[in-house]
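Please prepare a briefing on the structure shown below.

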Protein chains: 2
Amino acid sequence: MRRAVSEHRQQVLDLVRSAWQRRLAEGRGEEAVPLAGALHRVLARDLTAPVSLPPFANSQMDGYAVSSRATAAGTVFAVAPPVPAGRAAGPLPPGCAVPVMTGAMLPAGADAVVPVEQAVPDTFAPFEPGRTVVLPANVPAGQYVRAAGSDIAAGTCALPAGAMLKAGQLGLLAALGIAEVPVRPRLRVLLLSTGDEVVAPGGTLGPGQIYDANTTLLSAALAEAGCDVASARIVADAPEAFTRALAEDVERLAPDLVVSSGGISKGAFEVVKQALAGGGVDFASVAMQPGGPQAAGTVGETAFLGFPGNPVSSLVSFEMFLRPALSSVLAVPAPRTVLQVPLAAPVESPAGIHQVRRGRYDGAAVMPVGGPGSHLVHALARSNALIQLPPGAARREAGENVEVWLI
Amino acid sequence: MRRAVSEHRQQVLDLVRSAWQRRLAEGRGEEAVPLAGALHRVLARDLTAPVSLPPFANSQMDGYAVSSRATAAGTVFAVAPPVPAGRAAGPLPPGCAVPVMTGAMLPAGADAVVPVEQAVPDTFAPFEPGRTVVLPANVPAGQYVRAAGSDIAAGTCALPAGAMLKAGQLGLLAALGIAEVPVRPRLRVLLLSTGDEVVAPGGTLGPGQIYDANTTLLSAALAEAGCDVASARIVADAPEAFTRALAEDVERLAPDLVVSSGGISKGAFEVVKQALAGGGVDFASVAMQPGGPQAAGTVGETAFLGFPGNPVSSLVSFEMFLRPALSSVLAVPAPRTVLQVPLAAPVESPAGIHQVRRGRYDGAAVMPVGGPGSHLVHALARSNALIQLPPGAARREAGENVEVWLI
C-alpha cells in the first residue's frame with residue numbers, strides 16, 4: 001500500500017517540529033547577531049521599540065516653523081536663526097519664524113511648518129538680524145509636522161516573533177537604534193550522499209561512474225532555505241561504512257537533522273535501508289513520481305530523512321516535504337509562490353500517483369520540460385517551476401489549468 | 001519642470017550599463033568560484049557540457065538487462081552475475097539476463113531492461129551458477145534504458161551566459177563534473193550616508209539626533225540584490241568632508257558605483273549637492289513621491305547615484321531605479337513579481353506625481369499601510385508590497401485594480 005503525499009508530508013512536518021522543539025527545550029532557540037549579519041534571518045521573539053519614531057517632533061518640509069496661533073494674528077515674522085540638523089532646537093522666540101530643513105527638530109512653541117515655496121521671499125537667505133518673512137495667514141496646527149511617536153511609540157511592539165528580516169525590517173531596527181538582533185538559529189543539517197558509483201565533481205570518472213550531483217544540489221537548496229549545512233560527504237555503499245559515518249558526524253556536529261540521498265529503494269543493494277532497517281526510521285513508498293521511495297524517522301534522538309538518489313527525485317523530495325516543513329516550523333524559507341496556470345502542452349501521468357513534472361513558466365502558461373525521468377537534471381536546470389499533477393486524470397490537455405510552484 | 005520616472009530610470013540604467021561595460025573592457029567581467037560558493041551567482045558565459053548525461057546507457061529500473069532480440073526467440077534466461085554500481089559492465093553473455101539496479105551501466109549487447117516485478121521469480125536472489133529467470137516475450141528495444149546523452153550530449157550548451165545558479169542549475173554543473181564556475185563578479189558599491197543628525201545604531205542619541213537607518217537598509221537591499229557593499233559609512237554635513245570621504249573611498253576601494261543618501265534636496269544645507277554641483281552629477285526633481293529629489297551621474301569615471309535621506313525614500317529610490325537596472329544589466333536580482341490586485345481601501349495621490357505607497361498584500365487584495373510620509377519606516381517594515389499609483393487619478397477606490405510589486 002502506497003502512502004499518500006499528504007501523509008508523508010505530515011510525518012516530515014512532525015519530525016522537523018520535534019527537532020526544533022528539542023532545541024527550544026535545551027535553550028538553544030535564539031542567538032544574537034549584529035544587524036549587518038541579520039539579512040533573511042527570523043526574529044526569535046517580539047521586539048519592543050526602545051525609542052519612539054520619530055524621536056521628536058520634526059519638520060516634514062524645508063520651510064519655516066511657526067506658532068499656528070501667531071499666524072492667525074499676523075503674517076509678517078522676524079526670521080530667527082535656523083535650527084541646525086542634529087542639534088536641539090531652542091524655544092520659538094515670540095513673533096518669529098524659524099527656518100527648518102526636513103527632519104529638523106521643531107522649536108518648543110512651534111506647531112506648524114510653512115513650506116519655503118509659500119513664503120515671501122520664497123528662498124532662504126543667510127541669517128541676518130532684522131530680516132522678515134511673510135507667511136500665509138491661519139496656518140493649521142500640525143501642518144507639515146511629524147509628531148513624535150507618530151510612526152511608532154516607544155514600548156510598543158516593533159516587529160513580532162517570526163518576522164523575516166529583509167531591508168525594510170532591518171531599516172526599522174536600525175532606526176530604533178537596535179544594533180544586535182535575537183534571531184532563530186539556522187537548523188543544522190548533516191548531508192550524506194551515498195553510492196559506490198558517485199565521484200565528487202572535479203574528479204575523474206571511471207567506467208560505470210557518475211558525478212555526485214546530490215551534495216551540491218541539496219546543499220544549495222538547504223542553504224537557500226536558511227539551513228546551515230554542517231557537513232556534506234559521500235559515503236560508500238557499505239552499510240557498516242554508512243553507520244560509522246553517520247555516528248561520527250552526529251557525535252561531532254550535533255545536527256538537528258540528517259538528510260541522506262540514495263539507498264532507500266527496493267533494489268538488491270540499498271545501503272541506507274540495510275544500515276537503518278529495524279530502527280526508528282520508516283522506509284515508505286509514497287504515491288509520488290519522482291520521489292516514490294522515502295525514509296523518515298529518528299536515529300537516536302536525531303531527525304532523519306532519506307531521499308532517493310536520483311538528483312531530480314532528491315530535489316522534488318526536498319521541495320515537496322522538507323521545504324514546506326521548514327517554512328511552517330521556522331517561518332523561513334518563504335513558501336513557494338503557487339499559481340494556477342494553463343498547460344502549454346498536454347501531459348500524461350500514471351493513475352493513482354501524484355506526479356511532479358518540471359516546467360518553464362513564461363508568465364502566461366507552463367511548458368513541461370523534459371519527460372518524467374528522474375535522471376533529467378539538464379531539464380531540471382532549464383525549469384523554473386514544478387507542475388503538480390495529483391492522482392486523478394491520466395492526461396491533461398493543453399490549455400487545462402494546473403497548479404504550479406515557482407522554484 | 002519635473003522629470004518623469006521613466007526618464008530617470010533610463011538614466012540610471014545607462015549609468016549601471018556603463019559601469020558594467022567599463023568592467024568588461026578592463027577584463028574584469030568574470031571570476032571563477034567553486035560550486036559550493038556559486039549559489040545565486042550568474043554565469044559569465046555559456047557553459048559547454050564536458051561529458052554526456054547520462055555518461056553511459058544505464059537502467060531506469062531495478063531489473064534484468066537483456067537483448068530485446070533474444071526475448072523474441074525465448075523467455076528463459078540464465079541469470080548472470082549482477083553489475084555492481086560504479087563498475088564497468090562486461091559484455092552480455094549469450095542467453096543471459098543480467099541483474100541491474102537503477103543507474104547501473106548496461107552490459108554491451110543489452111538494449112532493454114525488464115523490471116524485476118515482471119520476472120519470474122519477481123525478486124532477486126544472490127548469484128549462483130545455473131539459476132534461470134523467465135521474462136516476458138518480445139520486450140521492445142530501449143525499454144527502461146536511459147540512453148547515453150539522452151539528457152544532454154557532450155559538447156552542447158549546458159547553461160547559457162546570464163543563467164542564475166540555483167539548486168537545479170548547480171546540480172546540473174555538479175552532474176557534469178564542473179567544480180569551478182565562471183560567474184559575473186558582484187557589482188562593488190560604496191555607500192555613503194550623510195547627515196550631522198544621524199548616529200549609528202547602538203550609539204546614544206543626543207537632542208535632535210536620529211539613528212542612521214539608511215546604511216543598514218541600503219546595505220541589506222544591495223546585498224539581497226547581489227551587490228558587494230564594499231564600504232558603508234556616515235559622513236557629516238560638510239561638503240569638504242563629503243568630498244574627502246568620497247575621494248578616499250573611491251581611491252581605496254575602486255567601486256563600480258557610489259550610492260549616497262541625503263543632501264540632494266532644495267534645503268539650505270544639502271551636502272551632496274554642494275559638494276558635487278557643477279560636476280558630472282545631475283540633481284533632478286523626479287515626479288515621484290516619495291523619492292522626488294534624485295541625483296545621478298559620474299564622479300571622475302565612477303557612476304554615482306544620490307538618493308534622498310528619508311529611509312522610505314531611499315528604499316523606494318532603490319526599488320524604482322537601481323534594482324531594475326541591476327536586473328536588466330546583470331541578470332541578478334530577479335525582477336520583482338508584479339501583480340494587478342484590488343485595493344482593500346481607497347487611496348489618494350497628488351496630481352501629476354507617480355506615488356509609491358507601501359502595502360500589505362494578503363493573496364487577494366492590497367491594504368495600504370501607513371500614509372504617504374517618507375519617514376514611516378515602521379509602516380514600511382510591516383509591508384510586503386509597493387503600490388504603484390502613476391499620475392492620473394487623484395483617488396482610487398477600494399476594489400479598483402492597482403499594480404503591486406512584491407518586496
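In this predicted model, L257(B) has A303(B) as its bridge partner in β20(B). The two strands concerned, β16 (residues 257-261) and β20 (residues 302-307) of chain B, pair in the parallel sense over 5 bridges. Strands count as paired if DSSP finds at least two bridges between them; strands (E, at least two residues) and helices (H or I, at least four) are DSSP runs numbered from the N terminus.

**Conventions**
- Residues are numbered from 1 along each chain as its sequence is written, and chains are lettered from A and ligands numbered from 1 in the order in which they are written.
- Local features of this predicted model need pLDDT of at least 70, side-chain atom pairs count only at pLDDT 80 or more, and totals for chains, interfaces and linings use all residues, while side-chain values use heavy atoms, with hydrogens and water left out.

- Strands β16 and β20 belong to an open sheet of 6 strands in chain B, with the order β15-β12-β16-β20-β19-β17 and mixed pairing.
- The edges are formed by β15 (228-235) and β17 (281-285) of chain B; each has a single partner strand, so one side of each is left without a neighbour in the sheet.
- On average, neighbouring strands of this sheet are turned by 15° against each other, direction ignored; axes are lines fitted to C-alpha atoms, for helices over the stretch in contact, and angles run from 0 to 180 degrees between N-to-C directions.
- Helix α4 (residues 214-224) of chain B lies across β12 (188-194), β15, β16 and β20 of chain B, and runs at about 160° to β12(B).
- Helix α7 (residues 311-330) of chain B also packs on the sheet, where it touches β16, β19 (293-299) and β20 of chain B; the direction of α7 makes about 135° with that of β20(B). Contact here means heavy atoms within 4.5 Å.

**The five-stranded sheet of chain B**
- A further open sheet in chain B has 5 strands in the order β7-β4-β6-β5-β8, with mixed pairing.
- Its edge strands are β7 (112-115) and β8 (132-134) of chain B, each of which pairs on one side only.
- Neighbouring strands of this sheet are turned by 40° against each other on average, direction ignored.
- Strand β4 (residues 63-66) of chain B pairs with β7(B) in the antiparallel sense over 4 bridges, and G63(B) has P115(B) as its bridge partner in β7(B).

**Helix α3 of chain B**
- Of the 9 residues of helix α3 (residues 167-175) of chain B, 9 are buried, so the helix is largely enclosed by the rest of the structure. Buried means under 20% relative accessible area, exposed over 50%, and partly exposed in between (1.4 Å probe, protein chains only).
- The buried residues of α3(B) include Q169(B), L170(B), L172(B) and L173(B).
- G177(B) follows α3(B) and has a positive phi, near 85°.

**Domains of chain A**
- Chain A is divided into domain 1 (5-29 + 185-330), domain 2 (34-51 + 164-183), domain 3 (58-146) and domain 4 (338-406), with bounds that come from an automatic or database domain assignment.
- The centres of domain 3 and domain 4 of chain A, taken over C-alpha atoms, are separated by 64 Å.
- The unreviewed UniProt entry annotates residues 190-328 of chain A as "domain: MoaB/Mog"; UniProt positions are given in the numbering used here, feature names are shortened, and annotations may be inferred rather than shown by experiment.
- Over residues 190-328, chain A is 36% helix and 30% strand, and the end C-alpha atoms lie 20 Å apart.

**Strand pairing in chain A**
- Strand β21 (residues 338-342) of chain A is joined to β27 (residues 401-406) of chain A by 5 bridges, and the two run antiparallel; L339(A) is partnered by V404(A) in β27(A).
- β27(A) also pairs with β25 (residues 385-389) of chain A in the antiparallel sense over 4 bridges, where L386(A) stands opposite W405(A).
- β5 (residues 76-79) of chain A runs antiparallel to β8 (residues 132-134) of chain A, joined by 3 bridges, and V76(A) has V134(A) as its bridge partner in β8(A).
- β5(A) is joined to β6 (residues 96-100) of chain A by 2 bridges, and this pair runs parallel; A78(A) stands opposite C96(A) in β6(A).

**Selected residues**
- C96(A) is buried, with a relative accessible area of 13%, whereas C157(A) is partly exposed at 39%.
- The structure holds 0 disulfides over all chains, a disulfide being a pair of cysteine sulfur atoms within 2.5 Å.
- P390(B) lies in the loop between β25 (385-389) and β26 (395-396) of chain B and is partly exposed, with a relative accessible area of 35%.
- Not counting residues up to four places away in sequence, P390(B) touches I353(B), H354(B) and R396(B).
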